[in-house]
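Me: I have a structure to go through with you. Can you take my questions one at a time?

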Amino acid sequence: MARVVVDVMPKPEILDPQGQAVVGALPRLGFKGVSEVRQGKHFELEVDDTVDDETLAKIAEGFLANPVIEQWTVRRIAE
């Protein structure tokens, strides 16, 4: 078994209202110096050794992310 991490983030040109809300709230909570926040999704998958990188890319692009507005990275984690 292997652990795979897929991180999905909005593309830079896409507005991120959740990130904007967080960056707006931080100063009100006493946190200074943060100028930008982007919020995304983090997935951890347990896969067997037969699942290749091409299949993982298809899972990320076709199911976990919306390729029109999001970008993603897939990486295997050594255990």
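Me: Where does the model come from?
Reply: This is a predicted model, in which local features need pLDDT of at least 70 and side-chain atom pairs count only at pLDDT 80 or more, while totals for chains, interfaces and linings use all residues. Residues are numbered from 1 along each chain as its sequence is written, and side-chain values use heavy atoms, with hydrogens and water left out.

Me: What share of the residues count as buried?
Reply: 24% of the 79 residues, where buried means under 20% relative accessible area, exposed over 50%, and partly exposed in between (1.4 Å probe, protein chains only).

Me: Switching to W72. Buried, partly exposed or exposed?
Reply: W72 counts as partly exposed, because its relative accessibility is 26%.

Me: What does W72 touch?
Reply: Leaving out residues up to four places away in sequence, W72 touches V6, D7, V8, A57, A60, E61, A65 and P67. Contact means heavy atoms within 4.5 Å.

Me: And how far is W72 from G62?
Reply: Their C-alpha atoms are 11 Å apart in space, and the two are 10 residues apart in sequence.

Me: Last one, what box do the C-alpha atoms fill?
Reply: Roughly 50 × 30 × 15 Å, taken along the principal axes.
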